[in-house]
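Here are my notes for someone opening this structure for the first time. Please keep the sequence and the model side by side while reading.

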Protein chains: 2
Amino acid sequence: MSARAALVNADEAWEPVSDSVLSRLSEAILSGDLKPGTKISEPEVSKRYGISRAPLREAIRRLEERNLVSRIPRQGARVVVLSPARIEQIFVIREAIEGMAAREAAARITDAEVAALKASLERQREASRETGSLAYPFKSLDTDYHSAIVHASRNEFLVKFLCEDYYALVELCRRQQRRRPERVHRSLIEHGQIVEALAQRDPDLSEMLMRRHVAAARKDVLAHLDPHPPKEKKK
Amino acid sequence: MSARAALVNADEAWEPVSDSVLSRLSEAILSGDLKPGTKISEPEVSKRYGISRAPLREAIRRLEERNLVSRIPRQGARVVVLSPARIEQIFVIREAIEGMAAREAAARITDAEVAALKASLERQREASRETGSLAYPFKSLDTDYHSAIVHASRNEFLVKFLCEDYYALVELCRRQQRRRPERVHRSLIEHGQIVEALAQRDPDLSEMLMRRHVAAARKDVLAHLDPHPPKEKKK
DNA sequence: TCACATCATTCTGTCGACAATCAGAGGATA
DNA sequence: TATCCTCTGATTGTCGACAGAATGATGTGA
């Protein structure tokens with residue numbers, strides 16, 4: 001069995017070209033290298049990356065699935081433009097989904113996961129103290145924290161939705177905001193409350209606190225949008 | 001301008017091959033023609049439909065986006081198998097998303113839309129009386145009803161999620177259930193309550209009632225699963 | 001100067017083909 | 001007889017190419 005498993009998928013390191021292209025394009029969009037509204041020309045990108053158009057088209061379609069680009073038939077794909085209205089809509093969905101994830105997690109989370117969450121929270125507090133909440137690593141810790149709660153829900157569709165489909169889009173929203181130490185501080189308090197509710201296995205409270213947390217983040221992002229958002233590019 | 005618009009997209013009836021294939025495959029899965037677990041062979045399907053593999057692969061990717069098939073690299077795509085656990089997970093997401101849609105709709109719905117909803121509800125009642133709730137048209141009316149509420153939320157991501165990404169999957173869940181007149185009757189009452197809450201522009205009540213409605217449907221589906229679900233097929 | 005029609009270029013959607021890999025049949029061995 | 005290995009056919013991922021449509025530039029007329 002193990003010998004057979006070794007034969008199947010012998011090339012463990014193999015990865016579809018479309019996957020690596022997807023990663024590179026995602027990074028380019030998140031980093032602002034590809035600005036909102038930019039047209040993604042298939043011949044150009046395929047030449048630049050040295051691949052054919054087949055895997056590139058697959059990658060673009062998956063970017064569309066993740067709402068990072070929008071396609072119009074016979075006209076190609078463009079990087080999504082995040083208007084304030086759209087950012088609000090995305091946070092509304094997040095509130096519903098993450099709230100439900102917290103509710104489900106409260107009923108299923110293990111003691112070990114609660115302990116891990118508390119440890120994660122402590123790392124966030126440390127990072128916050130050390131760097132004044134401005135450093136990049138905090139974002140990663142925040143993502144880990146939310147991801148852990150979603151996984152504790154034991155709902156594969158919730159996981160897929162938040163960790164795959166909407167992960168990059170939420171990150172893109174976040175990057176349109178200036179860093180605000182006050183919000184980070186407040187956020188840490190809310191994280192602590194949520195962990196406490198989860199530890200008590202209280203579904204109602206967990207959901208309510210998570211929804212308030214996301215709603216607060218929404219208001220903060222919308223109230224402090226980067227005054228110099230990347231402009232659309234026609235070309 | 002209108003002249004130019006007429007030139008652009010002159011062939012108004014044109015549709016990508018991948019779209020029509022997507023429709024045909026979706027229908028085949030929903031109708032049970034393609035049973036859960038069935039492998040979707042690209043050469044076979046492309047030959048059967050008389051198309052090349054390129055648009056077929058695009059269609060399969062979109063089926064994956066809608067969770068109707070699952071793909072494994074280098075092994076192909078298989079029709080999703082809806083275990084009771086998965087059905088429950090799908091309804092959990094629906095509860096969160098449709099609940100939020102109802103909340104948002106309560107704040108944005110127009111008088112005309114409320115009137116249309118009430119009319120739709122009346123049609124459902126009539127269909128229920130005439131056919132004893134067993135006829136197919138009721139399903140369509142129910143879909144229209146939920147769709148109208150989602151659209152009233154004015155949230156394009158909510159609309160895309162419910163009306164595109166998850167629509168077929170929910171429909172697939174529904175078809176694993178025997179028809180139950182009692183549930184249909186109860187469902188009509190709940191629909192009426194929701195419309196009333198929307199008409200009063202009460203976000204809290206609208207969301208709560210919609211969540212209860214979806215949760216009730218979930219319990220009903222799980223409690224009365226078709227005892228003869230379509231079996232997986234290896235070949 | 002502005003609006004419109006015409007045309008060349010570029011791009012998207014689709015097609016057929018090839019190499020590497022996977023699943024299953026069949027035989028060899030204990 | 002059961003388990004493992006080998007081999008063969010079929011399938012997936014990727015590639016290059018072509019036809020029709022869209023974009024933008026050019027030219028024409030009021």
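1. B:Glu98 touches B:His146, B:Leu162, B:Met210 and B:Val214, leaving aside residues up to four places away in sequence. A contact here means heavy atoms within 4.5 Å. B:Glu98 lies in helix H5 of chain B, residues 84-108. Helices are DSSP runs (H or I, at least four residues), numbered from the N terminus. B:Glu98 is buried, at 6% relative accessible area; buried means under 20% (1.4 Å probe, protein chains only).

2. This is a predicted model: local features need pLDDT of at least 70, and side-chain atom pairs pLDDT 80 or more, while totals for chains, interfaces and linings use all residues. Residues are numbered from 1 along each chain as its sequence is written, chains are lettered from A and ligands numbered from 1 in the order written, and side-chain values use heavy atoms, without hydrogens and water.

3. Now the two chains. The contact takes 33 residues from chain A and 34 residues from chain B. About 3000 Å² is buried between them, with 55% from carbon and sulfur atoms. Buried area is the accessible area (1.4 Å probe) that two parts lose on being put together, summed over both. A:Arg61, A:Gln89 and A:Phe157 supply 21% of the area that chain A buries against chain B, more than any other three residues.

4. Look next at helix H4 (residues 53-65) of chain A and helix H4 (residues 53-65) of chain B: their axes come within 11 Å and cross at roughly 30 degrees. H4(A) and H4(B) are therefore roughly parallel to each other, a term for angles under 35 degrees.

Note on methods. Helix = DSSP H or I, 4+ residues; strand = E, 2+ residues; numbered from the N terminus. Buried < 20%, exposed > 50% of the residue type's maximum accessible area, 1.4 Å probe, protein only. Axes fitted to C-alpha atoms, helices over the stretch in contact; angles between N-to-C directions. Parallel < 35°, antiparallel > 145°, perpendicular 65-115°, else oblique.
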